[in-house]
Each structure stands twice: as structure tokens, then as C-alpha cells.
Amino acid sequence: MNNVVDQVSYQVVYQVWVQVRVQVSNQVVDQVRDQVWDQVSEQVRNQVVGQVVDQVKATI
Amino acid sequence: MLDKLNEEQLNKLDICKDKWIEIGLKTGPIDQEAAVVAVNKAYTVVGLTPPESIVFCSSPLDMDEKIKEASNGKHTFVSSYGFANCWVGWVSFIDYFKTYTDVKNLEAFEGLRDLAYNCGFVSFFDTHVFISERPEYIKMDDTGRTHCENGPAIRYADGLEVYIWHGNRVPKSWITEGPDIDQALHHENIEMRRVASEIIGWDKILEHYQAKVIDEDADPQIGTLLKVNIPDVGEEYFLKVLCGTGRTFAIPVPDQDDEGKPIDTALAANAWTYGIKPWEYKPEVRT
């Protein structure tokens, strides 16, 4: 990233950032990545909570 | 110093954007041989020793399991750092300068670019790299939001599924069985209440909460203006209207227009949906 900033004006960085990076992120990252990530996090969280509950049940 | 993009470089902005959106939304099996080459390149171009082990996983959920096993429970995917096609926004930005300009010293980026091109999610560790398959499919609506009204919008071959309604992740049961009206409208998240109401259909919600008629136009295509008291939300206005295809639907409308004038007739509400005034409304506008 530093190599880009050192060789490119702020205006051009901004232009490419907005017209390429932001649009690609909106279409792909903000949707597919975040939704898959959230789904996996939720399932992992539920699994961990389930294990804790099982252990508590087994202990009492 | 690159101060300004020339005509040809300006034309490449959209091409680069479209290329990386296509890569980011790629589905189907990854090329494992190409992925191994990309991983080794990503490590060596920045002076690191390539990993001892590259573990292929059927989905990000499977990746979480495999990371947990390999680290004796110390790490999980959701707590480690992910890369590859989930970071294509950043990759597309660097790739633009590498491909379409004379900006130099971007070789270190090539390994990550190739990873993004060839893999799904990736998690890096000192000695191990975990690579997930891409989804089997990704479904979207007309506006490009992830969406499927009768099944998962994103599905991996090993069964990991994500249920999504016009860009909003929802419980599986909302898609497969439909949300329960009372439960849906008491959801703690107001945005999720709106989503549930859309899935159920506003006309059913209005019937359930015994909406009151404010104004009924003789023309069913202009419709009926209704007021309903939704729990925890308050009074909301809806235009119930017959569309050209013969289907009746209800649209939420404000109680006043952009100039603060009250919307108290079905005609005014219908005109508002087109961004025009009641006296400008002509039935032939509907197509």
C-alpha cells in the first residue's frame, strides 16, 4: 500500500479507491463474505454454548 | 508520480471492477494445484518459508473445525485472519495499479492476488495454511443483493447454508416455513421486523392487525390508504393497491410528503410512490 501511495497522487488513489475498491467491496465483501462469516460465527458460537451447557448439565 | 489517469486508464476502472466482482463471486470447486502454487508464492515473495502444511476444507465452517483440531482448540477460523476472495476489494485496488499503471514494486502483492483468484476463504498460520472451497452457488436478486425466497442464497457443497432475504441474513425457518407473525413483529431488531413483514406480506400483516381504512379510491389500481398500529413501532400508513398483473400488495407510505403536506388520500399516497403530486397522477402512468 505504501508503494502505491508513494508513487500516486492523492486524487488518483481516491479515484481508484472509490470506483474500484469500494464497488467491489460493496458487491462481494459486504455481502457474501460478511454473511458467510456471520453464519459461521453464529454456528460456532451456538456449538460452543451447547458444549458449555452439556458440561454444566453433566456436572450438576 | 502518477498525478492523473489518462483516457485509457480511466476506461480500465470499470473493467478492473467487473473483473474482481466476478472473481469474488466465483462458485464451484477451487483449483487445488493452483492454490498450492499461490500459497507458496505468497510466502516466498515476502521472504517467508512456505508453510509445512496446506489444509483444504470443504467450507469456512469445516475450516473452523480443522483449525481447532490443528491448534488443540487454541484458534478458530472466526478468531483468526481470513484472506483470499473475501478480500477482493483490497486486492482489486492494488491490482489496478499493477496492471494498468507504471506503479512499481508491487511484486509482493502477486501471491495474494493469485490466492484471491484461486481460493475461497484462507487462514494463515506460521506452519499451516487453511483454504476453504468456494460456495457451490450464490443467488442474488435483480439489484445484485444476495437473496433467495425458497432456499439458501449461499450454499457450500458440504451443506453449510446461508439464508438471505434481499441482503438480510434471516433464520432458515423464515424461508422454509415462513415467519410467525407475532414472533416476527416482536423481533428485537426493527430491521428484522421489516424483513419478516416483507416475507409474510404486508397485506397479511394489515389483516392480522386490523388496519383501519383512511381513504378508499374507486379505482383499485389507485388503491386504499390504511392505518395500522404495529406493536412497538406505532402508527404506520400503507397503500393497498391492485397492480397491473392482478396482484394486490401493500406498500408502506409516509403520513406526509417531502414538502410536509399530509398524505391523507389513496391518490396522494399512490402519487407519492412515483414521486409526483396527486394532480399529476394519471392512471396511464402505470405500466
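Predicted model: local features only at pLDDT ≥ 70, side-chain atom pairs only at ≥ 80, totals over all residues.
Side chains of opposite charge can pair when their charged atoms come close. Across the interface of chain A and chain B, the rule finds one salt bridge.

On the chain A side, α1 (2–7) and α2 (10–59) each supply at least two of the residues that touch chain B. Of the elements on this side, α2(A) gives the most, with 28 residues. Sorted by class, the residues of chain A that touch chain B comprise 16 nonpolar, 14 polar and five charged.

The extent of the interface can be described by residues and by area. Chain A brings 35 residues to the contact and chain B brings 53 residues. The area buried between chain A and chain B comes to about 3800 Å², and carbon and sulfur atoms give 68% of that area. Three residues stand out on the chain A side: Q7(A), Q35(A) and W37(A) supply 16% of the area that chain A buries against chain B, more than any other three residues.

Attention now turns to the largest pocket, which holds about 320 Å³ of space. Its lining is made up of 14 residues, and those closest to the centre of the pocket are E198(B), G201(B), W202(B), F249(B) and A250(B). Three elements of chain B give two or more residues each to this lining, namely α8 (190–200), α9 (202–208) and β13 (248–253). The largest share comes from β13(B), which contributes four residues. In terms of class, six nonpolar, three polar and five charged residues line the largest pocket.

Over all chains, the structure holds 21 salt bridges. One of these lies within chain B, where D95(B) forms a salt bridge with K19(B) and the closest N and O atoms are 2.8 Å apart. D95(B) belongs to helix α4 (residues 88–100) of chain B, while K19(B) belongs to helix α1 (residues 7–24) of chain B, so the pair ties together parts that are 76 residues apart in sequence.

Conventions. Residues numbered from 1 in each chain as written. Chains lettered and ligands numbered in written order. Heavy atoms only, no water. Contact = heavy atoms within 4.5 Å. Buried area = accessible area lost by both parts, 1.4 Å probe. Salt bridge = Lys/Arg side-chain N within 4 Å of Asp/Glu carboxyl O. Nonpolar A, V, L, I, M, F, W, Y, C, P; charged D, E, K, R; others polar. 1 Å grid on protein atoms, 1.4 Å probe; cavity = no way out; pocket = protein on both sides within 12 Å on 5 of 7 lines; lining within 4 Å. Points joined across faces, edges and corners; volume = space filled by probe spheres on them.
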